[in-house]
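Welcome, and please take a moment to look over the chain before reading on. The paragraphs after it will guide you from the whole to the parts.

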Amino acid sequence: MVMADEILKEETLTADTASGNDAILKVENLKVYYKTHNGMFGKVGYVKAVDDVSFEIKKGEVFGIVGESGCGKSTLGKAICKLIEPTEGRVYFKGEEIAGYSRAQMRNIRKGIQMVFQDPYASLNPRMSIRDIVAEPLMIHDLAKGKEEIDKRVVELVRRVGLDAYHVNRYPHEFSGGQRQRIGIARALAVEPELIIADEPVSALDVSIQSQVLNLMNELKKELNLTYIFVAHDLSVVEHISDRVGVMYLGNFVEIGEKRKLYDNPCHPYTQALLSAVPIPDPRARKERIILEGNIPSALNPPSGCKFHTRCPKCMGICKEKVPKKTILEEGHEVYCHLYG
Ligand code: SF4
């Protein structure tokens, strides 16, 4: 969690950064199902990690995806850039349908879409120097030629993320968590991507370091006109970096809204519960905490109707039987709940 006074000056990415541009990414009915074999008779079941998800992102926008662990948010991020194979559905990147692309076809697309991972240590090869880690994508994609040009570009990149030129000869274990995340960002930037999918990029970092990395991502976004999908379980982190936020529960979005619309007027009971648990600087402004009963159910055997009905304090009869459809509350704010249908 990030404290308000440490965070980004509230010049965060306002709606005008996202307006007037076409969708850079469009996801339609995306599913990621894992087959399971159950017991002696080998009964086949499916873990529905991502279950028919659709959304789009405009160029220059930051789309935050939030939810408890196991809700499918990280799987969704990886399925978009095909680090995980989607089971069904379509993903359009700049109008090009990429969900069915082979590995070879994805090689070119990966220049446009890069991932930054949660654990900066696990995602950096401990046997490679920072120079080699950042140089690798430059060489794979033939973006710099010869040692001199590659070295020059590597130094530019590490400086751009706030490290010093002498750091390039060091190894990942010689850096702090925040510095390692900066190296992961430099590696992602090496191929000059347009879309960065950041999967819990600050979750493993201390609070003060979180705000530094978020500030860096914010600066880079403006300077390089990047688009982000920012996956996190922490609503306060997502609030400070996102233009729009989607709340996921058991493989589906339950509410998607422009940041202020969703945070000031959360409509889905799950969003309301998540937001009621976020610490706020002024305790007098605190709303009553909504405690959800039980844990998130298994995606192998999700509840019927509305998947949230087993924990919802406002559950009605219809909720156990019928899957709620999308209701548009106002432009830029939609919810999936029978209270509004
Ligand atoms: Fe709760 Fe029913 Fe809305 Fe689901 S559809 S969130 S169970 S009120």
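This is a predicted model: local features need pLDDT of at least 70, side-chain atom pairs count only at pLDDT 80 or more; totals for chains, interfaces and linings use all residues.

Residues are numbered from 1 along each chain as its sequence is written, and side-chain values use heavy atoms, with hydrogens and water left out.

Let us begin with the whole chain. Its secondary structure comes to 10 helices and 12 strands; both are DSSP runs numbered from the N terminus, helices being H or I with at least four residues and strands E with at least two. With a radius of gyration of 21 Å, close to the 20 Å that the globule rule gives for 341 residues, the chain is as compact as a globular protein of that length. That radius is taken over C-alpha atoms, and the rule is 2.2 Å times the number of residues to the power 0.38. Along the principal axes, the C-alpha atoms fill a box of roughly 70 × 55 × 45 Å. Of the 341 residues, 50% count as buried, meaning under 20% relative accessible area, with exposed being over 50% and partly exposed in between (1.4 Å probe, protein chains only).

Now look at strand β9, residues 244-249. Here 6 of the 6 residues are buried, so β9 is largely enclosed by the rest of the structure. In a regular strand the side chains alternate between the two faces of the sheet. On β9, one side carries Arg244, Gly246 and Met248, the other Val245, Val247 and Tyr249, and all of them are buried.

What does β9 pair with? Two strands pair if DSSP finds at least two bridges between them. Strand β3 (residues 62-66) runs parallel to β9, joined by 4 bridges, with Gly64 opposite Val245. Strand β10 (residues 252-258) runs antiparallel to β9, joined by 6 bridges, and here Met248 stands opposite Phe253. β9 and β10 form a hairpin with 2 residues between them. In that loop lies Leu250, whose phi is near 45 degrees, a positive value in a residue other than glycine. Leu250 counts as buried, at 2% relative accessibility.

β3 and β8 run parallel, with 5 bridges between them, and Val66 faces Ala232. Strand β7 (residues 195-199) also pairs with β8 in the parallel sense, over 5 bridges, with Asp199 opposite Val231. In the loop between β7 and α7 (207-224) you will find Glu200. Its phi is also positive, near 50 degrees, and Glu200 is buried at 6% relative accessible area.

Finally, turn to the ligand. Which residues surround the ligand? They are His268, Pro269, Cys306, Phe308, His309, Cys312, Lys314, Cys319, Cys337, His338 and Leu339, a residue being near if one of its heavy atoms lies within 4 Å. This shell divides into 7 nonpolar, 3 polar and 1 charged; Ala, Val, Leu, Ile, Met, Phe, Trp, Tyr, Cys and Pro count as nonpolar, Asp, Glu, Lys and Arg as charged, and the others, Gly among them, as polar.
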